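User: I want to learn how to read cavities, cores and salt bridges in a model. Can we start with the cavities?

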Amino acid sequence: EKVVTTTSPKKQKMNSSSMTTTTDVEKVQNADAWYAQLFENNNKNKKWCMVTSSLVDYEKEMIRHFCLEMKRYYGVSIRETKDFQPNKTSICITPPLFVPPFQQQKQQKESPNKDTNKDTTGVIDTVSKHRTMKAMRASLACVPIVTINWITSCLEEKKIVVPKGDLCIRTLPTKLDHLLKEQPNNNNKDDDDDDDDTKMSCAPTARLGVSNYASLRYTQQEYLPLVNASVFLSGPWSKQSKGPKKSDVLTLLKEAGASVLTSAGMTSKLVKELQKQKQKKDSLQRTVVILCDESTTDDGCGITGGLLKDLKAVIGSNVASGGGGGSCGILVVNFNWLFDCVTCGELLGANDYEPKIPIAKSLWELGTKK
């Protein structure tokens with residue numbers, strides 16, 4: 001059986017540490033430079049392909065008016081599409097997270113000299129209100145994600161404006177608060193401490209994730225966060241379930257660089273290869289991910305008796321030797337793991353992503369033992 005590789009051979013393979021090699025200020029500066037480069041190319045042919053996400057009616061009417069104005073008076077053709085289109089979509093428009101006035105007052109009271117929309121480095125971090133498929137795909141593709149204020153700015157200046165500052169969405173939201181916290185020690189590049197690797201390393205974060213993808217692309221690094229992951233979908237992934245569509249999950253996996261394992265037999269084979277590498281103390285080249293849907297029963301989960309045995313053997317032996325489940329190259333997680341990996345731009349661990357499928361949950365518990 002053959003692993004179905006979903007990545008393009010042209011994509012440059014990079015590990016997740018690449019996402020932490022620049023300061024916040026540099027990430028934003030590089031991202032803005034990338035956007036300027038994209039807009040310069042599009043302005044030459046005066047053709048744009050736009051996608052919108054989660055806008056209200058009056059914002060949709062603004063978009064319609066904007067497209068007519070640009071075409072009528074400036075000869076700029078802007079086509080709005082229903083779905084994100086790789087290699088075609090030029091820009092994604094979505095609303096920013098609204099911070100209620102009472103919360104702004106609280107933040108201002110706690111930090112009177114701090115702009116509530118800026119971090120400690122002065123970087124304006126605009127968070128998207130929603131984390132939609134369109135926004136995640138735009139982030140992965142390094143396509144600018146902007147707020148509706150970008151439309152206003154273009155109309156005022158009577159031209160297509162290069163987005164920067166608070167016109168840009170810099171961060172996609174996540175359900176895990178700790179992934180949105182500002183990380184220390186990632187902006188001290190000019191300090192006298194010579195241990196740069198220590199200074200620049202930090203916990204996974206969703207902050208500035210959108211800008212980070214664009215920053216890496218600008219510096220000629222085409223980054224895919226799941227390029228070393230092989231994923232087996234566990235569960236029926238039925239249309240009646242409350243979770244995401246299977247087609248959406250497969251699309252994200254493909255565009256994030258993952259390989260899809262299409263059978264339990266294929267997954268067992270790769271798990272056994274990981275076990276051999278571990279026994280030889282070789283560095284692990286792949287991570288096997290059991291990605292679960294919202295199911296609460298084992299029916300249709302796809303984890304056969306043979307696969308369960310192989311997974312338990314590898315995870316159990318690794319835990320017994322003092323390692324965590326993830327260090328053996330196997331992760332058992334729910335679907336939110338995928339969304340957070342895309343949001344943070346890193347292959348995350350399993351601890352925060354307990355699955356509901358009983359068999360998978362038992363494997364998760366085994367692998368996350370401390």
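Analyst: A cavity is a set of grid points where a 1.4 Å probe fits but cannot get out. Rolling a probe the size of a water molecule over the atoms shows where empty space is left. This is a predicted model. Here the count is 2 cavities of 30 Å³ or more.

User: Which residues line the second largest cavity?

Analyst: Its lining is Trp-48, Met-50, Phe-66, Ile-78, Ile-91 and Trp-150. By class, that gives 6 nonpolar, no polar and no charged residues. The second largest cavity holds about 30 Å³ of space.

User: How many residues does the largest nonpolar core have?

Analyst: In soluble globular proteins, nonpolar side chains tend to be buried together. The largest core here has 75 residues. Leu-226, Ile-303 and Trp-337 are among those with the most contacts inside it. Helix α11 (residues 336-344) gives the most to this core, with 6 residues. A second, separate core has 20 residues, including Met-50, Phe-66 and Ile-78.

User: How many salt bridges are there?

Analyst: Side chains of opposite charge can pair when their charged atoms come close. This model has 11 salt bridges. In one of them, Lys-27 pairs with Asp-24, with the closest N and O atoms 3.6 Å apart. Lys-27 and Asp-24 are separated by about one helical turn because they lie 3 residues apart in helix α1 (residues 24-45).

User: Is Asp-24 buried or exposed?

Analyst: Asp-24 is buried, at 1% relative accessible area. Asp-24 also meets Arg-207 in a salt bridge (3.4 Å, N to O). That pair links distant parts of the chain, 183 residues apart. Arg-207 is buried too.

How values were computed
Residues numbered from 1 in each chain as written. Predicted model: local features only at pLDDT ≥ 70, side-chain atom pairs only at ≥ 80, totals over all residues. Heavy atoms only, no water. Core = buried A, V, L, I, M, F, W, Y, C linked by side-chain atoms within 4.5 Å. Buried < 20%, exposed > 50% of the residue type's maximum accessible area, 1.4 Å probe, protein only. Helix = DSSP H or I, 4+ residues; strand = E, 2+ residues; numbered from the N terminus. 1 Å grid on protein atoms, 1.4 Å probe; cavity = no way out; pocket = protein on both sides within 12 Å on 5 of 7 lines; lining within 4 Å. Points joined across faces, edges and corners; volume = space filled by probe spheres on them. Nonpolar A, V, L, I, M, F, W, Y, C, P; charged D, E, K, R; others polar. Salt bridge = Lys/Arg side-chain N within 4 Å of Asp/Glu carboxyl O.
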